[in-house]
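Work through the exercises below with the structure open. Try each task before reading its solution.

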Amino acid sequence: MTPLALAVDFGGTKVEAALVDSDGRLVPDSRHRRPTGRTASVADLESSVGDVVRAAASALPEGAEIVGVGIGCAGPIDRRRGLVSPLNVPDWRDYPLRDFIASVVGAGEGGLGLDIPVTLEMDGVAITMAEHWVGAAQGVDNVMGMVISTGIGGGLIVDGRVITGPTGNAGHIGHVEVGDIVGEDTFGNASALEAMASGPHTVAWARTQGFAGTTGEELAAAYAAGDPIARDAIARTGQAVGRAIASATALLDLELVAIGGGFSHSTPDLFDRMREVIDHHYFPFVRKVRIVPSALSSEGPLIGAAALIHRATLLPA
């Protein structure tokens, strides 16, 4: 039987699920998506999660079996208890996501009848494992993966081992503080990287400077057209992310940082702004770190969730 992981990626705007094989490839027609978001109720969120899990499982090919469920979720999380408190989804605080999905796939009433492990990690951990497995960080043993999108997340591999920390939140780079650049005080800390450099917060800053658009896509288009406010916004975000990467590299002696997420694609110049910060650092060992775009498409978070099953030996017990 061909072993497949049922991968679940839960974030601030959507939840997705798919079947993924042991080579990191999604099974055709198994990928499904539903909305999440700030205004969703617990019932709404459970409905979305349950729908995508069942739909993905229903695409199981003949001659294959589901050997486990991997869940990557926006943080913070409590990996030992299976609880999640995604910052951009206010109605879930210490929500038992691992147990809920276990009930959807399990042998109880209404379940799918599967006796398989269900593993929860922060989404940044999952995406970093995906980059190390089949992405831009193959063969590199000191890596930080980052996602720049609705929020900013991250994960760490040090000396070839995934670092999660006791609660599962190691690598939460979006909530390090970045010097004298100040963002929006939406979660009590305007100096946190996410408050200034996520897609929505970059757009919000641009609007304070007179930008009329409301989305990251509109900001990217304005940047390409030479709009000076959009260019200042991208430069500011790139500098902030570059400072955070420099600090993480000084702490962990990283070799490579792989960055994905929707807003990271706004312009290649965003990466140039990050690299400029690194190039001017006073430590040579910090200047050596490479900052590269993710080698994975939008499938990356699902591949990462599958890596929690297919590459479980890299995770701490």
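**Exercise 1. A threonine in a helix**

Does Thr202 count as buried or exposed?

Solution. 
- Step 1. The model is a predicted one. Thr202 sits in helix H5, which covers residues 199-208.
- Step 2. The relative accessibility of Thr202 is 1%. The cut-off for buried is under 20%, so Thr202 counts as buried.
- Step 3. Look for a polar partner. A polar atom of the Thr202 side chain lies 2.8 Å from the backbone oxygen of Ser198.
- Step 4. Leave out residues up to four places away in sequence. Thr202 then touches Met196, Ala197, Leu219, Ala233, Thr237 and Phe263.

**Exercise 2. The cover of helix H5**

Which residues of helix H5 are buried, and what covers them?

Solution. 
- Step 1. The buried residues in H5 are Gly199, His201, Thr202, Val203, Ala204 and Ala206.
- Step 2. Recall the helix geometry. An α-helix has 3.6 residues a turn, so residues three or four places apart point the same way.
- Step 3. Find the cover. It includes H4, helix H6 (216-224) and helix H7 (228-252).
- Step 4. Check the confidence of one covering element. Helix H4 (residues 193-197) has the lowest mean pLDDT among the elements of the chain, at 92. E6 has the highest, at 98.
- Step 5. Follow the chain past the helix. Just after H5, Gly210 has a positive phi of about 110°.

**Exercise 3. A serine in a loop**

Where does Ser264 lie, and which residues does it touch?

Solution. 
- Step 1. Ser264 belongs to the loop between strand E11 (256-260) and helix H8 (269-279).
- Step 2. Its relative accessible area is 2%, so Ser264 is buried.
- Step 3. The Ser264 side chain reaches the backbone oxygen of Gly260 at 3.4 Å. The limit for a polar contact is 3.5 Å.
- Step 4. Set aside residues up to four places away in sequence. Ser264 touches Ile148, Ile259, Leu270 and Phe271.

**Exercise 4. Rings and a charge**

How many aromatic pairs does the structure hold? Classify the pair of Phe10 and Trp92.

Solution. 
- Step 1. The structure holds five aromatic pairs.
- Step 2. The ring centres of Phe10 and Trp92 are 4.7 Å apart, with the planes at 20°. Stacked requires planes under 30 degrees apart, so this pair is stacked.
- Step 3. Phe10 lies in strand E1 (residues 2-10), and Trp92 in the loop between strand E6 (83-84) and helix H2 (97-105). The pair therefore ties together parts that are 82 residues apart in sequence.
- Step 4. Check burial. Phe10 is buried, with a relative accessible area of 1%. Trp92 is buried too, at 0%.
- Step 5. Ring pairs link Phe10, Trp92, Tyr95 and Phe100 into a cluster.
- Step 6. Turn to a charge over a ring. The charged end of Arg231 sits over the ring of Tyr223, 4.2 Å from the ring centre.

**Exercise 5. The whole chain**

What radius of gyration does the chain have, and what would a compact globule have?

Solution. 
- Step 1. Count the elements. The chain has ten helices and twelve strands.
- Step 2. For 317 residues, a compact globule would have a radius of gyration near 20 Å. The chain has 19 Å, which agrees.
- Step 3. Along its principal axes, the C-alpha trace spans about 55 × 40 × 35 Å.
- Step 4. Of the 317 residues, 54% count as buried.
- Step 5. Take contacts between residues at least 6 apart in sequence. Of these, 64% join residues at least 24 apart.
- Step 6. Close with confidence. The mean pLDDT of the chain is 94, and 99% of its residues reach 70 or more.

Notes: Residues are numbered from 1 along each chain as its sequence is written. This is a predicted model: local features need pLDDT of at least 70, side-chain atom pairs count only at pLDDT 80 or more; totals for chains, interfaces and linings use all residues. Side-chain values use heavy atoms; hydrogens and water are left out. Helices (H or I, at least four residues) and strands (E, at least two) are DSSP runs, numbered from the N terminus. Buried means under 20% relative accessible area, exposed over 50%, partly exposed in between (1.4 Å probe, protein chains only). A polar contact is a pair of N or O atoms within 3.5 Å; within protein, one must be able to donate a hydrogen and the other to accept it, and residues adjacent in sequence count only if both atoms are side-chain atoms. Contact means heavy atoms within 4.5 Å. Rings of Phe, Tyr and Trp (its six-membered ring) pair if their centres lie within 6.5 Å; planes under 30 degrees apart count as stacked, over 60 as edge-to-face and the rest as tilted. A charge sits over a ring if NZ of Lys or CZ of Arg is within 6 Å of the ring centre and within 35 degrees of the ring normal. pLDDT is the predictor's confidence in each residue, from 0 to 100. The radius of gyration is taken over C-alpha atoms; the globule rule is 2.2 Å times the number of residues to the power 0.38.
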